[in-house]
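Here are my notes on the structure below.

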Amino acid sequence: FFKNKKVFDLPKDFSSAIQNLKKKQNAILLAHYYQDPDIQDVADYLGDSLGLARKAANTNANIILFAGVHFMAETAKILNPTKLVLLPDLNAGCSLADSCPADKFSKFKKINSDHLVISYINCSADIKAMSDIICTSANAIKIIKKIPKKQPVLFAPDQNLGRYIINETGQDLLLWPGSCIVHETFSEKKILQLKLQFPNAQVIAHPECEPSILRYADYIGSTTALLKYVRNNPCKIFIVVTETGIIHQMRKLCSEKLFFSAPTLNGCSCNECPHMRLNTLEKIFFCMKNHNPEIQLSNEISKKALKPIQRMLEISYSA
């Protein structure tokens with residue numbers, strides 16, 4: 001997957017080699033909580049989509065290496081059009097972003113031209129360019145509450161997050177029918193069975209989950225919000241209903257507590273995003289050595305997509 005790949009001696013310790021390359025190249029490694037633990041531990045900044053967008057907007061690094069998925073690296077490139085933005089594996093896509101093709105969304109938007117378009121950050125640069133405001137799971141409710149009730153709103157691409165926002169705000173939203181494969185594979189029956197096995201456990205969930213799952217949650221929030229909740233809550237046992245990568249940080253923060261990954265429909269409790277897990281330390285090393293794969297966007301798309309992202313950041317920083 002690398003163009004013009006050069007041959008290098010393999011380091012004995014990829015983590016140390018990556019740290020050395022970052023210093024030499026004035027590069028920053030941004031990683032999402034859903035990455036493998038070894039990648040999380042070598043990152044300069046670890047966060048959710050909102051935190052990563054903020055960090056990308058304010059970095060002084062010459063090179064941004066994004067350990068996440070394609071739309072996240074695109075966002076970093078939109079915010080830093082003149083900087084080199086790298087993604088270890090260009091095939092690290094997103095099922096949610098893929099569920100909202102630009103051509104079909106454009107037609108949907110034209111049919112509903114009176115609607116303000118608020119798009120979840122988990123979408124392509126093309127969708128961002130057609131949006132009025134971008135949001136994340138961490139700030140979606142705050143942003144929606146800023147919109148007058150009389151203003152029609154088209155929300156894309158996650159219908160589950162959209163339903164959650166409707167329930168929390170009372171704002172009527174026209175929803176694009178997209179979803180995340182990871183957050184739609186949890187088993188209601190098996191979660192209840194785990195809850196019966198550990199009756200004192202609290203269920204914490206990401207709002208991308210289906211309503212049938214969220215109704216059992218003691219707390220619903222973004223990945224960062226979930227982390228803060230388990231750290232500050234006296235409960236000692238948690239059933240975590242989101243991608244398993246976040247549990248690494250939960251165990252580091254609260255080593256005395258027990259965390260169980262919510263079971264999926266096939267009975268597995270190791271629910272991992274196949275796209276996130278395409279990134280590896282080896283790919284990060286070669287990516288930094290080769291300065292490839294690189295994220296490239298047209299100036300037209302970048303400029304159009306920048307405005308709704310900036311609007312999101314403005315609202316997020318406001319009181």
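Is Glu243 buried or exposed? Glu243 counts as buried, at 0% relative accessibility. Buried here means under 20% relative accessible area, exposed means over 50%, and partly exposed lies in between, with a 1.4 Å probe and protein chains only.

1. Basis of the notes. This is a predicted model, in which local features need pLDDT of at least 70 and side-chain atom pairs count only at pLDDT 80 or more, while totals for chains, interfaces and linings use all residues. Residues are numbered from 1 along each chain as its sequence is written, and side-chain values use heavy atoms, with hydrogens and water left out. Helices (H or I, at least four residues) and strands (E, at least two) are DSSP runs numbered from the N terminus.

2. The salt bridge of Glu243. The partner of Glu243 is Arg277, and their closest N and O atoms are 3.0 Å apart. A salt bridge is taken as a side-chain nitrogen of Lys or Arg within 4 Å of a carboxyl oxygen of Asp or Glu. Arg277 sits in the loop between strand S12 (258–261) and helix H14 (281–290), and Glu243 in the loop between strand S11 (237–241) and helix H13 (245–253), so the pair ties together parts 34 residues apart in sequence. Arg277 also counts as buried, at 17% relative accessibility.

3. Other salt bridges. Arg277 forms a salt bridge with Glu272 as well, at 3.4 Å from N to O; Glu272 is partly exposed, with a relative accessible area of 40%. Elsewhere, Glu314 and Arg311 meet through their side chains, also in a salt bridge (3.4 Å, N to O). These two are three residues apart in helix H15 and therefore separated by about one helical turn. Glu314 is partly exposed at 48% relative accessibility, and Arg311 is partly exposed at 38%. The whole structure has nine salt bridges.

4. Nonpolar cores. A nonpolar core is a set of buried Ala, Val, Leu, Ile, Met, Phe, Trp, Tyr and Cys residues joined through side-chain atoms within 4.5 Å. The largest has 102 residues, and Ile118, Val241, Met250 and Met312 have the most contacts inside it. Not counting residues up to four places away in sequence, Met250 touches Ile204, Leu226, Leu227, Val230, Val240 and Phe259, where contact means heavy atoms within 4.5 Å. Another core lies apart from the largest one; it has nine residues, including Phe105, Val117, Met130 and Leu154.

5. Helices H4 and H15. Helix H4 (residues 70–79) packs against helix H15 (residues 299–317) at an angle of about 95°, and their axes are 9 Å apart. Axes are lines fitted to C-alpha atoms, for helices over the stretch in contact, and angles run from 0 to 180 degrees between N-to-C directions. The two helices are therefore roughly perpendicular, a label given to angles of 65 to 115 degrees, with under 35 roughly parallel, over 145 roughly antiparallel and the rest oblique. H4 contributes Thr75, Ile78 and Leu79 to the contact, and H15 contributes Ser302, Ala305, Leu306, Ile309 and Leu313.

6. Ala53. Ala53 belongs to helix H3 (residues 49–58) and is buried, with a relative accessible area of 4%. Leaving aside neighbours within four places in sequence, Ala53 is in contact with Thr75, Leu79, Ile121 and Met312. The C-alpha atoms of Ala53 and Met72 are separated by 8.0 Å, and the two residues are 19 apart along the chain.

7. Backbone details to check. Most residues other than glycine have a negative phi, and most peptide bonds are trans. The bond from Ala156 to Pro157 is cis, with omega near -10°; Pro157 is in the loop between strand S7 (153–156) and helix H9 (159–169). Asn292 and Pro293 are also joined by a cis peptide bond, with omega about 5°, and Pro293 is in the loop between H14 and H15. That loop holds His291 too, whose phi is positive, near 55°. Asn26, not a glycine, has a positive phi of about 50° and lies in the loop between helix H1 (14–25) and strand S1 (27–32).
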